[in-house]
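Please read the points below with the model open beside them.

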Amino acid sequence: MSTELSEAGNLDGSLEQAADGQTGLTDICSGTAGSRMASVAEYYAGKNVLITGATGFMGKVLVEKLLRSCPEVKALYILVRPKAGQSMQQRVSDMMKCKLFDRVREDNPDFHQKIIPISSELMQPGLAISPEDVEKLTACINIVFHCAATIRFDEPLKHALQLNVIATQQLLGLAQQMHHLEAFIHISTAYANCNRKYIDEVIYPPPVEPKKLIESLEWMDDGIVRDITPRLIGNRPNTYTYTKALAEYVVQQEQDKLNIGIIRPSIVGASWQEPFPGWIDNFNGPSGVFIAAGKGILRTMRANNDAVADLIPVDVVINLTLAAGWYTAVHRPKTALVYNCTTGGINPFHWGEIEHHVMSSFKRNPLEQAFRRPNANITSNYLINQYWILVSHKFPALIYDLFLRLSGQKPQMMRIFNRLHKAISLLEYFSSQDWEWNSENMSMLMSQLTSEDRKTFNFDVRQLNWPEYIENYCIGTKKYVLNEDMSDIPAARQHLRKLRNIRYTFNTLLVVFIWRVFIARSQMARNIWYFVVSLCFKFLSYFRASSTLTN
């Protein structure tokens with residue numbers, strides 16, 4: 001309760017500061033106190049920005065948006081580690097070649113000169129940043145965006161704790177050494193407190209004191225930690241949401257020393273508008289489910305059709321993040337402000353509606369070499385879902401793998417379905433229930449922006465047209481994740497027609513087989529069959545007659 005009261009007082013105080021002439025602007029914005037407040041882009045002009053997780057999905061969009069909409073930003077320092085045999089320089093080079101940066105590349109071909117990679121490893125003490133780089137960062141950084149985290153729901157607790165909590169602690173320690181730091185923005189998740197049905201824009205008491213948990217797990221064997229994890233996370237669904245809640249508390253503890261803002265996005269999806277509609281580069285979350293449905297692999301999913309699917313476009317999150325960085329640095333709230341970046345309470349869209357629009361989109365713009373025609377269904381009934389998994393997933397997978405074996409190829413379909421089932425099971429918790437988020441701080445921040453900034457850094461989800469967004473999302477998975485050419489759509493449609501004909505032929509043969517084996521040999525079965533068929537004809541005749549009379 002004290003936390004909630006403190007946060008409410010903080011919000012009121014922030015608004016009072018905004019009304020009283022921007023307290024604390026003298027040493028942040030150029031000019032004297034009382035002069036015109038800098039716009040968001042003007043604030044970032046000449047600033048040195050540190051970004052963690054810059055090579056990840058959200059991090060790349062943040063880098064691109066800063067370079068494109070804040071062209072006068074001085075430099076972007078990004079923490080990068082070698083990965084999968086690639087050096088730090090190779091990873092950064094590959095990132096900058098990404099299509100995401102096409103618009104920036106057109107405006108400024110030398111944009112890469114503003115990106116300065118810093119070798120780092122979040123799993124190592126001190127983030128494995130060299131003393132020379134520490135000195136460089138502490139001398140020049142003005143704002144920190146902490147985007148790095150493990151987003152795997154099934155991450156072992158020790159690993160998740162190291163990446164999401166301990167690394168955050170160490171970054172906060174580095175931030176306190178920075179001589180010119182004006183804001184520290186931490187990217188959390190709207191589901192950090194998913195054990196609550198109503199989630200306010202406050203930092204709730206942690207499930208356990210992070211320092212005590214870290215000390216306790218240090219000496220424990222991995223097997224012991226795995227055994228006690230369910231009891232530790234309690235009524236949270238996974239280690240991701242659990243450790244993100246701990247990380248929020250860790251960040252809050254430094255609010256007396258740093259200007260802090262916390263962004264809580266819900267399920268982050270493809271871009272809505274920027275840099276172009278539908279950009280996505282991974283199979284995580286709904287993207288993998290959409291692709292599986294478009295390929296005809298996914299036929300059933302357990303979810304509540306009427307539950308709100310709280311998707312949030314990645315560019316909305318990034319626009320809010322940059323605006324929050326500006327507001328945190330300029331207004332310097334007394335305590336950390338939390339921004340619930342969600343759509344459910346403002347512009348709700350439901351899982352049943354998503355299923356309809358995804359199927360429609362992939363029928364208009366089919367994926368290449370689909371396994372079956374797109375036709376997935378959502379059900380909240382466990383037994384019905386298990387039945388369709390058996391009939392529509394496992395049975396076809398066994399037949400297809402048998403065909404591959406007979407043709408001398410390696411069976412793979414059952415393995416694909418098993419991975420799909422595991423991924424979907426991790427999402428069931430979020431697709432089967434609703435939450436209610438307060439988003440007053442998000443609304444307050446929007447009111448603080450100029451009309452021009454509201455366009456440039458748009459995070460008003462009331463303007464989001466869901467059917468159009470889902471259409472672009474599905475096309476984005478085709479173009480940017482699967483790298484399929486839109487010019488091949490006619491061939492993909494022809495392939496779907498071929499699959500439809502195969503299905504009709506198979507169903508016909510199945511009916512003939514059932515007739516010959518089960519019905520033709522039994523007089524009673526034939527009588528039942530004829531009775532059912534006659535009822536169907538009578539119903540059709542009645543329906544036609546009723547339609548004629550009505551007309």
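**Notes on the interior**

1. The model holds four cavities of 30 Å³ or more. A cavity is a set of points on a 1 Å grid over the protein atoms alone where a 1.4 Å probe fits but cannot get out; points are joined across faces, edges and corners, and a volume is the space filled by probe spheres set on them. This is a predicted model, in which local features need pLDDT of at least 70 and side-chain atom pairs count only at pLDDT 80 or more, while totals for chains, interfaces and linings use all residues. Residues are numbered from 1 along each chain as its sequence is written, and side-chain values use heavy atoms, with hydrogens and water left out.

2. The largest cavity has about 190 Å³ of space. Its lining has 17 residues (an atom within 4 Å of a point), and Val289, Phe290, Met301, Trp351 and Ile354 are the closest to its centre.

3. Helix α13 (351-364) gives the most to this lining, five residues. Helices (H or I, at least four residues) and strands (E, at least two) are DSSP runs, numbered from the N terminus. α11 (286-294) and β12 (377-379) also each supply at least two residues.

4. Lys65 lies in helix α3 (residues 57-69). Lys65 has 2% relative accessibility and therefore counts as buried (under 20% relative accessible area, 1.4 Å probe, protein chains only). Beyond neighbours within four places in sequence, its contacts (heavy atoms within 4.5 Å) include Glu274, Asn319 and Phe457.

5. In helix α6 (residues 131-140), Asp133, Leu137, Thr138 and Cys140 are buried. Their cover includes β1 (48-52) and α7 (157-176).

Methods
On a 1 Å grid over the protein atoms alone, a cavity is a set of points where a 1.4 Å probe fits but cannot get out, and a pocket is an open set with protein on both sides within 12 Å along at least five of seven lines; lining residues have an atom within 4 Å of a point. Buried means under 20% relative accessible area, exposed over 50%, partly exposed in between (1.4 Å probe, protein chains only).
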